[in-house]
Amino acid sequence: MAGIPFHVLVSQADETLQPGTSPERAVLELSRRKAQAVAQLPESADRVILAADTVVSLQGKIYGKPSTESDAARMLHALSGRIHQVFTGVSIYRPQGGPISFFEQTNVEFYSLTEQEIFNYVATGEPMDKAGGYGIQGRGALLVKAIEGDFYNVMGLPIARVARALQKVLD
């Protein structure tokens, strides 16, 4: 969307967090770990590296990607009828100079969901690779009553803020 050419490299970074880690700290730490892991790869030499990580948080509790369908349903039950936060941490590593890291927060309010709505949504398989068990860019949009903040952050990358940060690095 930003018109910047890129190449995707998958990080093998450890994504384990200490219990009690705040969502803000979690996404910053995980994005930094991912960027550092990719920076070690030979194909990353002399390249700008962008890494990101997204979590959903309800009252400070982190909801990552569900491990099972019942885990996804549990998350959706918790979020039903409530306002939660989506945090994305971004780390940009450049060949010269130090890293740039920041996080973005967006508030999302869900409608009150029925058992059938949760069952039907989980049955689509969409929740399984999404933080908090939903994707706002897919059928999960039907669960969302309102958002406050960057829509693209909820998708996993606050693109306008990232583009501005990258522009500073690339200038």
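A residue is called buried under 20% relative accessible area, exposed over 50%, and partly exposed in between. This cut-off will be needed at several stops of the tour, which visits a predicted model.

**First stop: the sheet.** Select the strands. They form an open sheet of five, in the order E2-E1-E3-E4-E5, with antiparallel pairing. Strand E2 (61–63) and strand E5 (144–148) are the edge strands, each of which pairs on one side only. From one strand to the next, the twist averages 35 degrees.

Now select E1 alone. Seven of its 10 residues are buried, so the strand is largely enclosed by the rest of the structure. On the side of E3, nine bridges join the two antiparallel strands; Val-56, for example, has Val-86 in E3 as its bridge partner. Towards E2 there are three bridges, again between strands that run antiparallel, and here Leu-58 is partnered by Lys-61. E1 and E2 form a hairpin with two residues between them. Select Gln-59 in that turn: this residue has a positive phi of about 50 degrees.

Move to strand E4, residues 100–110, which pairs with E5 in the antiparallel sense over four bridges. Phe-110 of E4 can be found opposite Val-144 in E5.

The structure holds three aromatic pairs, and two of them are visited here. Select Phe-87 and Phe-103. Their ring centres are 6.0 Å apart and their planes stand at 50 degrees, so the pair is tilted. Phe-87 belongs to strand E3 and Phe-103 to strand E4, so the contact ties together parts that are 16 residues apart in sequence.

Then select Phe-110 and Tyr-134. With ring centres 4.7 Å apart and planes at 70 degrees, the pair is edge-to-face. It links distant parts of the chain, since Phe-110 lies in strand E4 and Tyr-134 in the loop between H3 and E5, 24 residues away. Phe-110 counts as buried at 1% relative accessibility, and Tyr-134 is buried as well, with a relative accessible area of 5%.

**Last stop: the nonpolar cores.** The largest nonpolar core has 22 residues; Val-56, Leu-76, Val-108, Phe-110, Tyr-134 and Leu-143 touch the most other members. Two or more residues each come from E1, helix H2 (69–79), E4 and helix H3 (115–123). Which element gives the largest share? It is H2, with six residues. Select Leu-76 and display its surroundings: among the residues it touches are Phe-110, Ile-118, Tyr-121, Tyr-134 and Leu-143. Finally, select Val-90, Ile-92, Val-162 and Leu-166, which are included in a second, separate core of seven residues.

Note on methods
Residues numbered from 1 in each chain as written. Predicted model: local features only at pLDDT ≥ 70, side-chain atom pairs only at ≥ 80, totals over all residues. Heavy atoms only, no water. Pairing = 2+ DSSP bridges. Axes fitted to C-alpha atoms, helices over the stretch in contact; angles between N-to-C directions. Core = buried A, V, L, I, M, F, W, Y, C linked by side-chain atoms within 4.5 Å. Buried < 20%, exposed > 50% of the residue type's maximum accessible area, 1.4 Å probe, protein only. Contact = heavy atoms within 4.5 Å. Phe/Tyr/Trp six-rings, centres within 6.5 Å; stacked < 30°, edge-to-face > 60°. Lists of a residue's contacts leave out its neighbours within four places in sequence.
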